[in-house]
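Visitor: I should like to learn how to read the features of a structure such as this one. May we go through it step by step?

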Amino acid sequence: MLVVMRREATPTEIEAVKEKIRSLGFMPHEIPGVQRLAIGITGNRGRVSADHFLSLPGVVDAIPVSRPFKLVSREVKAEDTVVRVGRDSIGGHDLAVVAGPCSVESRSQILEVASMLKEMGVRFLRGGAFKPRSSPYSFQGLKLEGLEYLREAAEKTGLHTVTEVKDTETLPAVAAVSDILQVGARNMYNFSLLERLGELRKPVLLKRGFSATLEELLMSAEYIASKGNYDIILCERGIRTFETSTRNTLDLNAVPLTKKLSHLPIIVDPSHGTGAWDLVVPMALASIVAGADGLMIEVHPHPDEALSDGFQSLRPEKFRMLMDRLRELASFVQRGCPEEAGTVVQ
Ligand code: PEP
Ligand code: MN
């Protein structure tokens, strides 16, 4: 249910509607928009009667939301959500690029990559410290030590950090360091983790599960939003299909379709989406043409020595070329792209 208020509704009228929602045992979510102010309701199991609200001052309408995901749907909010991180953002006019190695492997590795990426115009540094690997015998990440190196790299360069949060146990340590908390494909269905992330006020990068439908991805996002955290960035990272010649099949349909169904920003990860470094650049460019708000790209100074995902990581020179192509493409899709100096071209 969405309670739509008059544009000129007073704070007292808005508070009275929120109080009414609380008194019914539900949770109100204020959704400001350019055209209207709306208050979403969650926590109800069945239909809520519109009659509770229609007679309250300032209320224009009370409409049921037809999708199973509510707060993240376009029905509830027409304007695109822009997730702000310091002076940068994801989902606004400018394309956002998140880049870095799959895993933080050593202090020197992450410091080296971070300074190269910064110089190339990147604003968001990725690097896994707690790695959820398919095999228990694969490198599991440097854990707390990795977080410390990531923190140092961010402090030295001024880049924002993005790292994966694997479970609720390690969430406080990861949240203390990372500007954006990444939920990996393997954890998209970890609802208790999603709820905890909803209680924090930190942006979340939610990756699509290997075999998750778009509706399931959006419902996972709804778990986060339903607890009051609306700063969610979706990430298409490929799904499992019958095709075995690539690691995953990058579902670019997901980009325009998600834009239609949801107001949340969506970025694309062609590194995991293809699993092959030489497919990353073409699929990255295709993602932007499809309407993605940005990219997540694995970059490693020495991919052949990488402890995880070297086969899909770009060398810095190749990544620099991608950034150049992205700048050319940005004007075509009427977006901005960070310049090498860190300024933005309109
Ligand atoms: C990653 O970003 O390194 C990662 C493990 O991604 P995913 O969860 O999409 O497999
Ligand atoms: Mn990886």
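Guide: Let us begin with a single residue. At 8% relative accessibility, aspartate 309 counts as buried, where buried means under 20% relative accessible area, exposed over 50%, and partly exposed in between (1.4 Å probe, protein chains only). This is a predicted model, in which local features need pLDDT of at least 70 and side-chain atom pairs count only at pLDDT 80 or more, while totals for chains, interfaces and linings use all residues. Residues are numbered from 1 along each chain as its sequence is written, chains are lettered from A and ligands numbered from 1 in the order in which they are written, and side-chain values use heavy atoms, with hydrogens and water left out.

Visitor: Where is aspartate 309 found?

Guide: Helices (H or I, at least four residues) and strands (E, at least two) are DSSP runs, numbered from the N terminus. Aspartate 309 is found in the loop between β14 and α11. Its phi is positive, about 55°, although aspartate 309 is not a glycine.

Visitor: Which residues are the protein donors of the manganese ion (ligand 2)?

Guide: Donors are N, O and S atoms within 2.8 Å of the metal (3.2 Å for Na, K and Ca); water is not among the atoms, so sites may look incomplete. Here the protein donors are Cys102 (SG), His272 (NE2), Glu298 (OE) and Asp309 (OD), at 2.1 to 2.4 Å from the manganese ion. Their spacing in sequence is C-x169-H-x25-E-x10-D. Cysteine 102 lies in the loop between β7 (96-100) and α3 (107-119), and aspartate 309 in the loop between β14 (294-298) and α11 (316-332), so the pair ties together parts that are 207 residues apart in sequence. Both cysteine 102 and aspartate 309 are buried.

Visitor: Which residues are around ligand 1?

Guide: A residue is near a molecule or strand if one of its heavy atoms lies within 4 Å of it. The residues around ligand 1 include Cys102, His272 and Glu298, together with Lys131, Gln182 and Arg237. A polar contact is a pair of N or O atoms within 3.5 Å; within protein, one must be able to donate a hydrogen and the other to accept it, and residues adjacent in sequence count only if both atoms are side-chain atoms. A polar side-chain atom of arginine 237 lies 2.6 Å from an oxygen atom of ligand 1. For lysine 131 the corresponding distance to an oxygen atom of ligand 1 is 3.0 Å, and for glutamine 182 it is 3.0 Å. Taken alone, ligand 1 exposes 290 Å², of which the protein buries 97%; accessible areas come from the Shrake-Rupley method with a 1.4 Å probe, and for residues only the protein chains shown count as cover.

Visitor: How may the length of α11 be checked, and what follows the helix?

Guide: The expected span of a helix is 1.5 Å times one less than its number of residues. The 17 residues of α11 should span 24 Å, and its end C-alpha atoms are 25 Å apart, which agrees. Among the buried residues of α11 are Phe319, Leu322, Met323 and Leu326. The buried residues of α11 pack against β7, α3, α10 (277-289), β14 and β15 (337-338), contact meaning heavy atoms within 4.5 Å. α11 is followed by glutamine 334, whose phi is positive, near 55°.

Visitor: Is glutamine 334 buried or exposed?

Guide: Glutamine 334 is exposed, with a relative accessible area of 64%. Glutamine 334 is found in the loop between α11 and β15.
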